[in-house]
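Here are my comments on the structure you asked me to look through. I have set them out as numbered points, so that you can follow each one with the model open beside you.

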Amino acid sequence: MTDLPAFTGRVYVRDGSEQYTVHAYQYATTSEAPGSMAPSAIVFVADDDDIMLAIRYARENNLGVAVRSGGHQYLGASSTNGNNIQIDLSGREAADPSAYPYRQWSVDGDEGTVTLGAGLDVDDLCAISVKYGFFFPHGECCAVHVGGHTQTGGLSVITRTFGAMIDHLLRFDIILADGTKRTVRRESTDPTDRDLWFAVLGGSPGNFGVVTSITVKYLNDADHPKARGFKMAWFFRQSTLQQLVQIINEINDDPTTDPDFALTVIALGEEYDPALPSVLPDTFDNQMMRNYPNLVGKDRFHWVVPSIVVFGVWTNSKGPGQDDSHVDAVFERFRQMPGMLSMDLLNRLFPNDSLMDGTQTMVLSKIMQSLTFENPREFNMPCKKLLWFGKNTHTMSQKNEFGVTFAEWVANKMRDVESLKGLFEYYGMKAAIQVGMVGGPGLANAPIRTALGQRDCNYWFAFDIFYDPGVAGTLEKTIEFTNALASDVIGNKLNLWEDNKERRVILGPMLVSDEKPILDELWPLYYDGPDVYNELLRIKGELDPHHVFTANLFCVGATSCQRLVAAPTS
Ligand SMILES: Cc1cc2nc3c(=O)[nH]c(=O)nc-3n(C[C@H](O)[C@H](O)[C@H](O)COP(=O)(O)OP(=O)(O)OC[C@H]3O[C@@H](n4cnc5c(N)ncnc54)[C@H](O)[C@@H]3O)c2cc1C
């Protein structure tokens with residue numbers, strides 16, 4: 001590697017120091033193979049000039065550039081290794097974070113838009129939205145950043161009615177592999193703009209350029225005054241989880257269900273209270289959280305017993321005149337579920353957590369803020385993540401070929417993890433499961449075609465197992481458990497797909513059994529057909545012929561990048 005150019009932003013070179021290690025750390029670091037997420041240099045770019053310098057340096061030295069904003073990519077594809085470098089747009093190392101160009105935002109009331117820098121996170125989006133009384137679809141994890149989130153769709157609790165974040169985009173700014181900066185507009189007829197619109201919004205993040213900002217057409221809170229939110233909790237019981245998932249599946253299976261409803265169940269094994277002595281291990285993730293909250297993000301919410309949360313919304317998409325007389329009955333099904341913790345108790349335990357029982361109207365910006373998950377990761381441990389989208393519009397609540405409902409199967413699996421430990425013992429595995437409604441009219445009527453796949457889905461299902469690497473055999477046990485679980489799903493024994501076609505999503509890629517993170521092999525699981533992937537390959541070839549933005553094998557066309565094939569980076 002030749003000498004690095006003179007960047008204005010801070011640079012950390014791979015030198016074995018603690019400083020390098022902590023700045024290389026991101027969501028997937030402890031879950032992926034050691035050394036797979038170790039760029040030769042991490043450049044906390046100060047501005048467009050730094051980005052262009054990094055691109056030129058990579059081109060001249062035949063290197064790849066990995067782009068990171070929030071570092072939440074499930075497999076660590078926003079990082080790299082070997083001689084490749086990583087650029088970071090989070091602004092966390094900026095001399096003056098408040099002036100950092102990629103954390104700026106502005107509202108144009110005449111146009112009805114908000115422009116957002118790539119380095120802003122979901123917490124920022126919520127705060128801006130609440131301040132101005134507007135909303136638009138975006139995800140629920142506080143630490144997911146605009147840079148990656150835009151390119152993986154931006155799916156939201158309101159996606160069922162209002163689509164994905166990208167459906168509301170008017171334009172984005174991007175720096176391309178030839179070093180030019182471009183504003184790509186939704187209505188542009190220029191062929192390169194059309195290609196970029198298609199490929200960047202859901203194609204494969206970070207493969208086509210560096211997104212520096214986006215402009216979103218927002219929706220007004222005031223136009224949806226009857227909206228209601230729901231977020232209530234139960235202590236974990238297998239039977240409670242089964243019944244709650246079953247209610248959601250019955251609602252989702254019913255063709256007459258109002259598309260304004262979207263509901264999700266989350267079940268979590270117990271966490272710890274930092275104020276109390278913890279039985280949980282002091283993992284590297286935990287040390288990072290404790291010692292470098294400015295790099296990782298703050299843990300703000302702790303549940304001390306295994307619990308279940310149902311969260312959801314009724315969006316009042318048609319405005320003030322819309323009939324809402326049927327809304328209460330749907331939320332009442334959950335309120336009637338035995339064991340629901342009282343609002344009073346929950347509000348005393350978690351005063352900042354804005355519980356909602358669906359009885360009161362609330363503006364959508366505040367509902368979305370209240371539904372944000374307030375920790376950067378579910379558990380401070382490495383994990384194996386499983387995530388599928390389903391397309392079954394009417395039989396998820398019925399018995400499958402195991403002779404059980406999906407709800408029963410999920411609850412059994414969660415029990416299997418939870419029952420591995422006693423009250424004061426700890427056996428090294430923690431589960432987080434989520435089952436919910438997604439898709440529907442908003443997704444199906446996406447205004448402009450992009451490469452984002454699975455827009456015809458109506459269901460989502462995630463099962464994450466976090467494990468303690470310090471407990472002998474736990475990684476092996478976790479792999480065995482997740483592979484067995486995946487085999488039930490992939491074999492479609494649970495009827496997740498009416499047409500038997502497995503569907504995964506680019507927002508949360510995953511690997512099971514002996515799969516390798518090679519997008520050129522796994523693409524049929526992520527995109528709607530070969531035409532989409534072939535189009536992505538063509539665009540990649542035309543706009544990034546030297547593979548500047550190919551820093552690992554989970555990139556479009558990476559297997560034709562000689563540099564990677566000669567020395568695979570992951
Ligand atoms: C705990 C958790 C909760 C999540 N919840 C949701 C959710 O509710 N809804 C949802 O839709 N998604 C959700 N996601 C997925 C998340 O939206 C995607 O992983 C997203 O791509 C992360 O973006 P990032 O910038 O934070 O991460 P990064 O790891 O920095 O980036 C993700 C990808 O985008 C590329 N990229 C990042 N920034 C740029 C940029 N400025 N220019 C070009 N390429 C860039 C990276 O190279 C990488 O491939 C969740 C993920 C996690 C881990």
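**Notes on the model**

1. I begin with a loop residue: His547 sits in the loop that runs between helix H17 and helix H18 (562–566). Please keep in mind throughout that this is a predicted model. Although His547 is not a glycine, its phi is positive, at about 55°. Most residues other than glycine have a negative phi. His547 counts as buried because 25 other C-beta atoms lie within 10 Å, where 20 or more are needed for that label.

2. Ser513 is placed in the loop between helix H15 (474–490) and helix H16 (519–522). Is Ser513 buried or exposed? Ser513 has 10 C-beta neighbours inside 10 Å and therefore counts as exposed, since the limit for that class is 12 or fewer.

3. Turning to the chain as a whole, its secondary structure comes to 18 helices and 18 strands, and 54% of its 570 residues count as buried. The C-alpha trace spans about 65 × 60 × 45 Å along its principal axes. For 570 residues a compact globule would have a radius of gyration near 25 Å, and the 23 Å of this chain agrees with that. Among contacts with a separation of 6 or more, 75% are between residues 24 or more positions apart.

4. The chain is divided into domain 1, which is made of 11–90 + 530–566, and domain 2, which covers 97–222. The centres of domain 1 and domain 2, taken over C-alpha atoms, are separated by 21 Å, and the contact takes 26 residues from domain 1 and 28 residues from domain 2. On the side of domain 1 that touches domain 2, helix H2 (48–60), strand S3 (65–68) and helix H17 (530–543) each supply at least two residues. That side of domain 1 has, by class, 13 nonpolar, seven polar and six charged residues.

5. The largest nonpolar core has 170 residues, and those touching the most other members are Ala54, Val65, Val245, Ile308 and Val410. Because domain 1 and domain 2 both give residues to this core, it lies between them. Apart from residues up to four places away in sequence, Val410 touches Leu241, Val245, Ile433 and Val435. As background, nonpolar side chains tend to be buried together in soluble globular proteins.

6. Which residues are closest to the ligand? Of the 33 residues that surround the ligand, the closest are Gly70, Gly139, Gly147, Gly148 and Gly206. The shell around the ligand draws at least three residues from each of domain 1 and domain 2, and S3, helix H4 (146–149) and strand S10 (210–217) each supply at least two residues of this shell. By class, the shell has 13 nonpolar, 17 polar and three charged residues.

7. Strand S3 also holds Ala66, which is buried, with 26 other C-beta atoms within 10 Å. Ala66 and Met37 are 29 residues apart in sequence, and their C-alpha atoms are 10 Å apart in space. Leaving aside neighbours within four places in sequence, the residues in contact with Ala66 include Pro39, Thr80, Gly206 and Asn552; one of these, Gly206, also belongs to the residues closest to the ligand.

8. In helix H6, which covers residues 191–200, the residues Asp195, Leu196, Trp197, Phe198, Ala199 and Val200 are buried. What covers these buried residues includes strand S8 (169–175), strand S9 (181–185), S10 and H17. Helix H6 is followed by Gly202, whose phi is positive, near 110°.

9. My last point concerns Asp123, which is found in helix H3 (residues 122–132) and is partly exposed, with 18 other C-beta atoms within 10 Å. Asp123 and Thr372 are 249 residues apart along the chain, while their C-alpha atoms are separated by 7.8 Å. Once neighbours within four places in sequence are left aside, Asp123 is in contact with Cys142 and Thr372.

Note on methods
Residues numbered from 1 in each chain as written. Predicted model: local features only at pLDDT ≥ 70, side-chain atom pairs only at ≥ 80, totals over all residues. Domains from an automatic or database assignment. Contact = placed C-beta atoms within 7 Å. Helix = DSSP H or I, 4+ residues; strand = E, 2+ residues; numbered from the N terminus. Nonpolar A, V, L, I, M, F, W, Y, C, P; charged D, E, K, R; others polar. Core = buried A, V, L, I, M, F, W, Y, C linked by C-beta atoms within 7 Å. Near = placed C-beta within 6 Å. Rg over C-alpha atoms; globule rule 2.2 N^0.38 Å.
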